[in-house]
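Please walk me through this predicted model. I would like an account of the fold, of the confidence behind it and of a few selected residues.

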Amino acid sequence: MAALSATDAGASVAVHEKADLLGGTTALSSGVAWLPANRYAAAAGVTDSLDDGVAYLRPSRTA
């Protein structure tokens with residue numbers, strides 16, 4: 001949505017997707033986005049980190 005909004009406003013954007021389908025896990029999860037290491041998840045007892053988020057988003061090195 002951010003890319004669509006930015007494009008509509010005249011910006012040049014690039015969308016990089018790790019998954020096979022545009023939208024990644026959000027497209028398959030009823031629209032719930034994963035925001036690693038956020039304060040609301042931490043308050044609910046979820047343990048993750050920015051490093052977990054970066055590791056998940058980093059392209060796979062397997063061919």
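A patch, as the word is used here, is made of residues with over 30% relative accessible area and no salt bridge, and nonpolar side chains are joined into one when they lie within 5 Å. In this predicted model, Trp34, Tyr56 and Leu57 make such a nonpolar surface patch, with an area of about 330 Å². Tyr56 belongs to helix α4, which spans residues 50-57. With a relative accessibility of 37%, Tyr56 counts as partly exposed, because the partly exposed class runs between the 20% limit for buried and the 50% limit for exposed. The 37% of Tyr56 is also over the 30% that a patch residue needs.

The chain as a whole comes next. Its secondary structure consists of 4 helices and 0 strands, and the order along the sequence is α-α-α-α. Of its 63 residues, 5% count as buried. The chain exposes about 5,500 Å², and 60% of that area is supplied by carbon and sulfur atoms.

The mean pLDDT of the chain is 81, with 79% of the residues at 70 or more. Among the elements, the lowest mean pLDDT, 62, belongs to helix α2 (residues 24-27), and the highest, 92, to helix α3 (residues 39-43). Where pLDDT is low, predicted coordinates should not be read in detail.

Helix α3 is the place of Arg39. The side chain of Arg39 makes a polar contact of 2.8 Å with the side chain of Tyr40. Is Arg39 buried or exposed? Arg39 is exposed, because its relative accessible area is 63%, and the exposed class begins over 50%.

The loop between α2 and α3 contains Ala37. The phi angle of Ala37 is near 60 degrees, which is a positive value in a residue other than glycine. Ala37 has a relative accessible area of 36% and is therefore partly exposed.

Another loop, between α1 (2-8) and α2, holds Ala14. How far apart are Ala14 and Ala3 in space, C-alpha to C-alpha? The distance is 7.5 Å, while the two residues are 11 residues apart in sequence. Ala14 counts as exposed because its relative accessibility is 58%.

How values were computed:
Residues numbered from 1 in each chain as written. Predicted model: local features only at pLDDT ≥ 70, side-chain atom pairs only at ≥ 80, totals over all residues. Heavy atoms only, no water. Patch = residues over 30% accessible without salt bridge, like charges linked within 9 Å, V, L, I, M, F, W, Y side chains within 5 Å. Areas by Shrake-Rupley, 256 points an atom, 1.4 Å probe, with all protein chains shown as cover. Salt bridge = Lys/Arg side-chain N within 4 Å of Asp/Glu carboxyl O. Helix = DSSP H or I, 4+ residues; strand = E, 2+ residues; numbered from the N terminus. Buried < 20%, exposed > 50% of the residue type's maximum accessible area, 1.4 Å probe, protein only. pLDDT = per-residue confidence, 0-100. Polar contact = N/O pair within 3.5 Å; in protein donor to acceptor, adjacent residues only side chain to side chain.
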